[in-house]
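Trainee: Please take a close look at one helix pair and describe the contact in detail.

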Amino acid sequence: MRSIFIAGAALIAAASTASAQEVTLRAVSAFAEGTELSKNFERFVEKVNSDGKGLIKINYIGGPRAVPPFEVGNAVRTRVVDMANVTGAFYTNLMPEADGLKLIGKPMSEQRKNGTWDYINQLHNQKLGSQYLARQFHNVPFHIYLNKKIDKIDFSGLKIRVTPVYRDVVEAFGGTPITTAPGEVYTALERGVADGYGWPVTGIFDLGWDKVTKFRMEPPFYSVEVNVLVNLDAWKGLNDAQRKLLNDAALWLEGLDSEKVAAIKAERERQAAAGIQTLDFGPAASKAFLDRAYEVAWQSVIKRAPETGPKLRQLAGN
Ligand code: 173
């Protein structure tokens with residue numbers, strides 16, 4: 001009797017030590033360290049590590065030198081890493097719906113209230129074995145940057161570097177898409193392998209692309225989506241306090257999007273100062289471009305995800 005009691009007490013003691021132990025999560029970013037698309041995630045890591053002392057520690061391994069960008073989603077799924085800063089565009093092979101995330105531009109506070117976050121989280125749970133912890137940059141658009149001047153929105157004869165974000169719209173306007181990871185954009189432009197590329201309005205200075213960019217085409221389109229994923233087993237293995245800590249930090253991270261309004265204005269000025277000219281074909285051409293850009297992108301998502309795509313579009317409301 002006594003030995004059973006002792007064994008039981010020892011077990012309880014072991015369990016509580018385990019739950020009180022600091023958990024370490026290994027994290028990577030699909031974007032280069034210290035650049036625009038990684039910076040806020042890196043602030044998030046610092047915050048978790050300081051608020052979460054004794055509870056949680058994120059071991060940030062770094063950017064694409066650790067895991068190639070298009071493999072980051074799978075690395076989270078298979079728990080090669082526990083956490084990642086990555087865009088859905090980089091794992092559409094595992095989750096075609098991820099290509100639709102760029103079409104959802106509502107603030108995260110709203111997406112968390114109206115069921116959008118919940119639905120996207122379920123898709124990540126099922127298809128990517130991960131928790132959709134946070135989404136950043138909902139208010140930052142993309143652009144097509146060009147080195148050849150065009151006199152209307154028509155990419156015929158142009159080779160344009162893409163990811164799934166821009167593929168459909170580039171094709172719809174007659175361009176030839178060439179897929180590369182961000183790390184290969186500079187060389188592709190320098191060698192003339194590409195005549196242009198898609199990228200957010202911010203961040204082209206980070207890797208020196210301003211030196212190989214002549215024009216930025218208007219209008220801005222879609223909505224940048226960079227998210228923080230946590231492997232689902234890793235997430236389930238956390239206790240309530242640890243999960244709350246990560247959730248609170250995720251909401252804080254999403255709140256940093258409010259800084260982007262000023263950042264976008266500053267970036268456009270900086271591009272102009274660097275000699276990058278805007279190609280603007282006026283409101284009617286812009287509207288026609290945007291209508292078509294959204295339409296071809298949704299059709300593409302729905303074609304590859306006929307069950308779930310329409311629901312995503314309904315939640316996006318566009
Ligand atoms: O590499 C890309 O152009 C891309 O798809 C992307 C997506 C989100 C943020 C930045 C780039």
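Mentor: In α2, the residues N40, F41, R43, F44, K47, V48 and D51 meet L245, L246, A249, A250, W252 and L253 of α9, where contact means heavy atoms within 4.5 Å. By class, this contact of α2 with α9 has nine nonpolar, one polar and three charged residues; Ala, Val, Leu, Ile, Met, Phe, Trp, Tyr, Cys and Pro count as nonpolar, Asp, Glu, Lys and Arg as charged, and the others, Gly among them, as polar.

The model is predicted: local features need pLDDT of at least 70, side-chain atom pairs count only at pLDDT 80 or more, and totals for chains, interfaces and linings use all residues. Residues are numbered from 1 along each chain as its sequence is written, and side-chain values use heavy atoms, with hydrogens and water left out.

Now the geometry. Two packed helices are described by the angle between their axes and the distance between the axes. Helix α2 covers residues 36-51 and helix α9 residues 240-255; helices are DSSP runs (H or I, at least four residues) and strands likewise (E, at least two), numbered from the N terminus. The two axes come within 10 Å and cross at roughly 145°. Axes are lines fitted to C-alpha atoms, for helices over the stretch in contact, and angles run from 0 to 180 degrees between N-to-C directions. The crossing of α2 and α9 is right-handed, that is, the near helix is turned clockwise from the far one by less than a right angle.

E36, a residue of α2, is touched by T202. T202 lies in the loop between β8 (196-200) and β9 (215-221). T202 counts as buried because its relative accessibility is 4%, the cut-off being under 20% relative accessible area, with exposed over 50% and partly exposed in between (1.4 Å probe, protein chains only).

Key
Lists of a residue's contacts leave out its neighbours within four places in sequence.
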